[in-house]
Amino acid sequence: MTQRTLITGNGAAAWGARLAGAEYMPVFPITPQTEIIETLGDWIGKGEMGGRMVTLESEHSMITAAGAGAATGVRVFTATSSQGLLYGMEMLYTVAGWRVPLVLVNVSRGLSAPITLEPDHNDILAARDSGCLQIHAATCQEVVDAILIAYRVAEDARVRLPAIVNLDGFYLSFTREPVWLPDASKVAQFLPDMDPDEFAFRADKPVSAAVAVLGGGPYSYFRYQTHLAALGAVEVFEEACVEYDRVFGRSYAPVMAHRLDDAEIVFVMMGSFATKAMDAVDRLRAQGVKAGLARPLLLRPWPQDAIRKALTGRKAVVVVDQNLSMGFGGVLRGEVASALYGQADAPGALLGYVGGLGGRDITFAEFAEMAREAETAAAGGEAPPTRLLYTQAELREVRNLQTLAHAQGLTPGGEGRS
Amino acid sequence: MYRIRFHGRGGQGMKTASRILGAAFFLEGFEVQDAPRYGAERRGAPIFAFVRADRSPILERGVIPNPDLVMVADDTLVGMPQAGVLQGLNAHAVLAIHSTTPAGEWRQRLNTDARIVILPPLFDLLDAAQRVRVSAVIAGAAACLTGRVGRDTLSQAVRTELADLTNTVIKDNINKALQAYDEMNEFKGIAEPQPRTDTPLPTGWITLGLDPATLAAPAIHAAANSVQVRTGLWRTLRPVFDYSHCNRCNWVCGSFCPDGVVSADENGWPRIDYDHCKGCMVCVAQCPKHAIQGMPEGWAAQQTMPTPPSPDRKEAAP
Ligand code: SF4
Ligand code: SF4
């Protein structure tokens, strides 16, 4: 398996689980993730892959089973998307508190309401504070690589937390790209079996896991321990990346850089849409604009030092959030601002844009305009308020839909208020 | 970069066609991205798939708004705005249609500058047995139109993508793909990558303001609005009554129809609302009198549908 093959993001996720030697796979279907568990089921059915797959009756039970399985010392893989992730949210926080390692793949899809099938990151960001590690893949290649790295970090004795690998629905899930599948014989070098001393589950060694505590003192202790483990996972992740590069020859870092060296205007984006930003950076460079891209591969733990290193000393930083925290704005912009506050050579301006919601495209013209606004803001020392990437033509389409829906309050010209 | 779109209906093999072409480009040393695009629809609904192929890594993602080549397996989609076949076509692009209507007539009918090519008649969409070939034929023709894929590579790509099928079927598909490739020879290489302009266009941005919640909640106030979704466009087979056999039992077809589009007229004769019948053929299978037949949609659309005998067959019949 050392050939480059065309494979979808969902296929790459299934390969990640197979190569990692997942032993227990509690699952529940949801678009656009289902193909992952179908692929695994097919392999198991044909005897090409070991392990046991169990279909549960909901994501809530699925994540409970995943955490319980991991507590017994078997390698667990599971996958979900969107509403499914939210349905299992209670248990996501819970199993992180159990301090058990497992890998969950989330195929990003915008949240209801209104319901959609296409991607943005509000689903995965709802898990931001759960205690789960969070890795955002931008290509099908990164999906398989990130899963192997995620297992190694999650199972590390210094960490022992669940990890979520995120890939975008449609843009990766159903899209084939050339992927180097890691050589199965080398995977064992990178990812040893789970340590049986760490995870013992035997009749002669009973454990009551996930106990209750009363009083803020013990509670604070356990919660803060989870936080410290997550913080420390940045370094463990970096170590894993070095080792991954050594074994497989592909190099990763908590924050991925594209033409950052002498960049004056730096875009910050996560996930598959970041490749659009890479393309835009190349095209802007051709026009003499010194643009670059910093892409957090790791969102939790938040790679604060790497973010500071990537963004300080720049003319302007442009964060494009493919998510929306209602009543606040883009989540990533907030994280970036907190990392840069009080830094001696903080960038001249920090601009926020919200785009790509529900899979809405972001065009080169828009990247070029964001870069131009960033130049102006840096020169004037004042950033404009966060803007939703939205056009007159898109609003017209909505007005047409509202007219068809007999929505109340359209002005006679059908223009609404905006 | 080559940007190629495939248009067909769900179930006609456009995903496989795009994968065969994608695999062929990949074998020729190109970087490739291929993907189908489907929504909440089902079999019979217009769908499309696309392929990008380039010599350097592909950073572009998502649907292709400005294709160099558009392949159409089902010509009933060309004039259907919902299918988006003509979207983004310019004088540089090639529109290749599987059709019995000649190119000249399409040129007149469609308001497009694109160069139009008619694909060889190597399959009949209406014959279910031939459907399995559609992907191979469409991919084979596209491979030739780009001029970047050799015959051997094409065969290998068909073999790879259809690996789950029997050897006989694979061989038939390879033959059909190669035949389509050869029959397109006079147009070999006419589809070429468009030069990309890097002049930033105006973004057309607006600042979205607050609307009252009555307007901004995603609610539909229009009553009976689902009739506006013409699911009849998904139909490839049309159920047609033979009233001389129908006994007006008037519940079997109507009860089994999953879409509730069969109603009885005042004399008890069943009628179908063709704007919304999806052509699933459940009624055809269920009618105890075999009084409903499935007719190819393209053909049926040109016919006058039989009307029920009036007012009562027993009296009207000789
Ligand atoms: S089921 Fe057949 S016989 Fe009965 S009403 Fe329908 S078409 Fe007529
Ligand atoms: S084919 Fe028959 S059963 Fe199916 S939707 Fe049409 S009328 Fe109803």
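View 1. B:Asp34 and A:Arg176 form a salt bridge in which the closest N and O atoms are 2.8 Å apart; the term denotes a side-chain nitrogen of Lys or Arg within 4 Å of a carboxyl oxygen of Asp or Glu. B:Asp34 belongs to strand S2 (residues 31–37) of chain B and A:Arg176 to strand S8 (residues 176–180) of chain A, so the pair joins two chains. Helices (H or I, at least four residues) and strands (E, at least two) are DSSP runs, numbered from the N terminus. B:Asp34 and A:Arg176 are both buried, where buried means under 20% relative accessible area, exposed over 50%, and partly exposed in between (1.4 Å probe, protein chains only).

The model is predicted: local features need pLDDT of at least 70, side-chain atom pairs count only at pLDDT 80 or more, and totals for chains, interfaces and linings use all residues. Residues are numbered from 1 along each chain as its sequence is written, chains are lettered from A and ligands numbered from 1 in the order in which they are written, and side-chain values use heavy atoms, with hydrogens and water left out.

**View 2. The salt bridge between A:Glu155 and A:Arg75.** The side chains of these residues meet at 2.8 Å, N to O. A:Glu155 lies in helix H7 (residues 140–155) of chain A, while A:Arg75 lies in the loop between helix H3 (59–71) and strand S4 (77–80) of chain A, so the contact ties together parts that are 80 residues apart in sequence. A:Glu155 and A:Arg75 are both buried. Over all chains, a search of the whole structure finds 39 salt bridges.

**View 3. The salt bridge between B:Arg230 and B:Asp275.** The N to O distance between these side chains is 3.6 Å. The pair links distant parts of the chain, 45 residues apart: B:Arg230 is in the loop between helix H6 (213–216) and strand S7 (237–241) of chain B, and B:Asp275 is in the loop between strand S9 (270–272) and helix H8 (282–286) of chain B. B:Arg230 is partly exposed, with a relative accessible area of 44%; B:Asp275 is also partly exposed, at 37%.

**View 4. The shell around ligand 1.** Residues around ligand 1 include B:Cys246, B:Cys249, B:Cys253 and B:Cys287; a residue is counted if one of its heavy atoms lies within 4 Å of the ligand. The shell divides into nine nonpolar, two polar and one charged residue. Ala, Val, Leu, Ile, Met, Phe, Trp, Tyr, Cys and Pro count as nonpolar, Asp, Glu, Lys and Arg as charged, and the others, Gly among them, as polar.

**View 5. A five-stranded open sheet of chain A.** The strand order is S4-S5-S7-S6-S12, with mixed pairing; two strands pair if DSSP finds at least two bridges between them. S4 and strand S12 (298–300) of chain A stand at the edges, each with a single partner strand, so one side of each is left without a neighbour in the sheet. Strand S6 (residues 133–136) of chain A pairs with S12(A) in the antiparallel sense over two bridges, and A:Ile135 has A:Leu298 as its bridge partner in S12(A).

**View 6. A six-stranded open sheet of chain A.** The order is S9-S11-S10-S13-S14-S15, and the pairing is mixed. Strand S9 (255–258) and strand S15 (387–388) of chain A are the edge strands, each pairing on one side only.
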